[in-house]
Amino acid sequence: MSITGSGDDGALYASAKKVYPLKVKGFYRRIKWAVLLIGLAVYYFLPFVRWNRGPNLPDQAVLVDLANRRFYFFPIEIWPQEVYFFTGLLVMAAMVLFLMNAVAGRIWCGYLCPQTVWTDLFVSVERFFEGDRRDRIKLDEQPWSFDKLWRKSAKHFTWLMIAWWTGGAWVLYFADAPTLVKDLAFGTAPMTAYIWIAILTFTTYSLAGIMREQVCNFMCPWPRIQAALTDDEALNVTYRYDRGEPRVSVKGAAKLKALGEKAGDCVDCRQCVYVCPTGIDIRHGAQLECIQCGLCIDACDGVMEKIGRPKGLIGYDNDLNVQARMRGDEPKKFHPVRARTIIYAAIIAVVGAVMAFQLATRATSGLNLIHDRTPLFVQLSDGSIRNAFTVRLINKRPDKRSFVLSVSGVEGLKLQLVNVEASADGRPVVQVDPDSTREVRMLLTAPKSALTDKSMRITVEAVDLAEGSQKVVAQDHFFGP
Amino acid sequence: MAGHNHDDIDHITGTSTTGHEWDGIKELNTPLPKWWLNLFYACIIWSVGYYVAYPAWPGISSYTKGVLGYSSRADVQVELDALKAQRASAAADLAKADLAAIKADPKMLAVALAQGKAAFGDNCAPCHGIGATGSKGYPNLNDDDWLWGGKLADIYTTLQNGIRSTNNGETRISAMPAFGKDGILKKEEIRTVSNYAVTLAGGKAEAGVDLKAGEKLFAENCASCHGDKGAGNPELGAPNLTDQIWLYGGKIEDVIETVTNSRAGVMPAWNERLDTATIKSLAVYVHSLGGGK
């Protein structure tokens, strides 16, 4: 087989056809505007929301503090070792996607996905400068003129501005937002901030402005995954071909009806095709490119209203019902509650409950022991045996705390801290700074006579000096000859 | 075979096929977007720029350096220099401060311990072992038994000048006579005094050994350095014989060998190889292992 030899590569690679979505008004369009406004408002303004955590911690409500390895989300503070909360969050996010899919198809793609939201925004900017579908097609076909030049330039400039703000807002989640805004304005922000803004400006501009539906069709894995997740019962944006076919004009329908033949409600006005942001024809049935944004429903409903036919020729429905109606059966009622959705919801509830429980009951202090590996034990001049440990105390509270260490497990075991400031009463006390950890060296010494075994289990306790009820326990072993 | 067949249309999808067929299964022609192909070409063009900008092609004895002059090795050097510069002030502080002040200041202490640990691994671990565990003839630095003293200043002096170091005038020096080899004591006397020495640390003597005679021999030959009670003398590096720690082994045979042939461990002087800050760090580190006095 020679593909290269034929010189006919045009068949294997197709130029993307530019989509010129037509403006539409209606119920689903309003939902999309609302999601867009709320989503963008949250995205752009959330970094400026303050949350008081006391004098020792940042007061930004949502902050990914990479330098100090902390993630703050309102009252929640996550340390690196608690990254499993993100695992839980991701499991829940996946299940929510699955659940949405099982109930009403690609809700995520059509309404919530950033790609959809920003594309919507960019298309409306395009419409503002270049007019609606027809004007845009005309403008693109025109030779270059001043009018075309300024419209195109203004569009791209506005796009770049939005993209720039998008990238700008992103970096605000990684540093104190008001400070960073000031630094960015005066050119004193760290280079990383500028680089990330540049990268995200570029991706936003190219993905939402230029790539658009190509992202969904060729770059995103979700359309492929969701094909495996949907089922016959799920609602999807559906053209009810039982009612629509055969397509015929209003006049033609009157003629056909006069002859006693069947005439469909679809007048083949192609409004559903024109408004589609991915440029497909929903009347071909469910297809990969359909993001199920519902705009064709709005378009069709508008037309049906004008010609005095019932709405809903395109609507949220499923193929089982369409086929049932074709046979003349009663369409089945929609069942959002079924085994699949119950399982998804149950997993979401269980994971959510486990996470909430974990968050509510997690300790504010911690104690880790690392036994010295060489030497495992040391014999002292009086014959007693010493084991050395590295002790890490964790204080997750925003204030300074002191912990008293004690040990049990071997009779006559003496505890001694190296390089720790002496406490007033001589007890082994370790002070730990707010929201941090401290590593100290601990020596345990036991008389040789007390060692009944080569390895004996010991328990180390760290008790909060101020609140005796707050204590953490760690277990290890004491080794001897 | 032609690249694809316009006339061959799949019935179900209405898509043309590529003309490829395997056992009756035909491959549909679903064209890849042109921009995807263009990205591929763009990457090729980008790679050319990359070749020009960065080191790329190997030569016989060298390689193309690239116009940006990038070198990962130079990058490492820059980072190392930056690190050194960053640590310079801490090192200067350590060099100036006296040992007690380093121990008292948590910041300096943290630096000294970290630096000491690293320097120990590089310079001391070959003899004293990782974790300073020591072995026969090489003292364990974790315990509380010190030949030449376990105070910070003692350890620092030992580190600086070494023990029986040949190239240092200040080095710590002492010599135990080889009582057997040099004919000072007879074999039987050595056995007797060795038995006595073992009992000083609570050990059991062999049957039939006259410990009274051993005590006398000890007083005559050993006590001048090891002390009347055998408690040792750090001034002379004479080990404490009453404790449970035996550098060359605490069995009677080991002690007999020590008395017969003598022992004289050597440690290099570090003052010419390591800077003051590093030696101070080492002293503090060793002192903090747990046995420091």
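A salt bridge is a side-chain nitrogen of Lys or Arg within 4 Å of a carboxyl oxygen of Asp or Glu. By that criterion, a search of the whole structure, which is a predicted model, finds 40 salt bridges over all chains. The count between chain B and chain A, however, is zero.

**Salt bridges**

- Side chains of opposite charge can pair when their charged atoms come close.
- Within chain A, Glu130(A) pairs with Lys155(A) in a salt bridge whose closest N and O atoms are 3.2 Å apart.
- Because Glu130(A) belongs to helix 4 (residues 114-130) of chain A and Lys155(A) to helix 6 (residues 146-172) of chain A, the pair ties together parts that are 25 residues apart in sequence.

**Interface between chain B and chain A**

- The size of an interface is often given as the accessible area lost when the parts come together.
- Chain B and chain A bury about 2500 Å² between them, and 61% of this area is on carbon and sulfur atoms.
- On the side of chain B, Lys34(B), Trp35(B) and Gln244(B) lose the most area to chain A, together accounting for 20% of what that side buries.
- In terms of contacts, 31 residues of chain B meet 28 residues of chain A.
- Although salt bridges between chain B and chain A number zero, nine residue pairs are in polar contact, with both residues at pLDDT 80 or more.
- Two or more residues of the side of chain B that touches chain A come from each of strand 2 (16-22), strand 4 (32-33), helix 1 (34-53) and helix 4 of chain B.
- Helix 1 of chain B gives the most to that side, with four residues.
- Classified by residue type, the side of chain B that touches chain A comprises 12 nonpolar, 13 polar and six charged residues.

**Second largest pocket**

- The second largest pocket holds about 1200 Å³ of space.
- Its lining consists of 36 residues, of which Asn419(A), Glu439(A), Val440(A), Arg441(A) and Leu113(B) are the closest to the pocket centre.
- At least two lining residues are supplied by each of strand 13 (436-446) of chain A and helix 3 (99-104), helix 4 (106-128) and helix 10 (276-288) of chain B.

Key: Residues are numbered from 1 along each chain as its sequence is written. Chains are lettered from A and ligands numbered from 1 in the order in which they are written. This is a predicted model: local features need pLDDT of at least 70, side-chain atom pairs count only at pLDDT 80 or more; totals for chains, interfaces and linings use all residues. Side-chain values use heavy atoms; hydrogens and water are left out. On a 1 Å grid over the protein atoms alone, a cavity is a set of points where a 1.4 Å probe fits but cannot get out, and a pocket is an open set with protein on both sides within 12 Å along at least five of seven lines; lining residues have an atom within 4 Å of a point. Grid points are joined across faces, edges and corners, and a volume is the space filled by probe spheres set on the points. Contact means heavy atoms within 4.5 Å. Buried area is the accessible area (1.4 Å probe) that two parts lose on being put together, summed over both. A polar contact is a pair of N or O atoms within 3.5 Å; within protein, one must be able to donate a hydrogen and the other to accept it, and residues adjacent in sequence count only if both atoms are side-chain atoms. Ala, Val, Leu, Ile, Met, Phe, Trp, Tyr, Cys and Pro count as nonpolar, Asp, Glu, Lys and Arg as charged, and the others, Gly among them, as polar.
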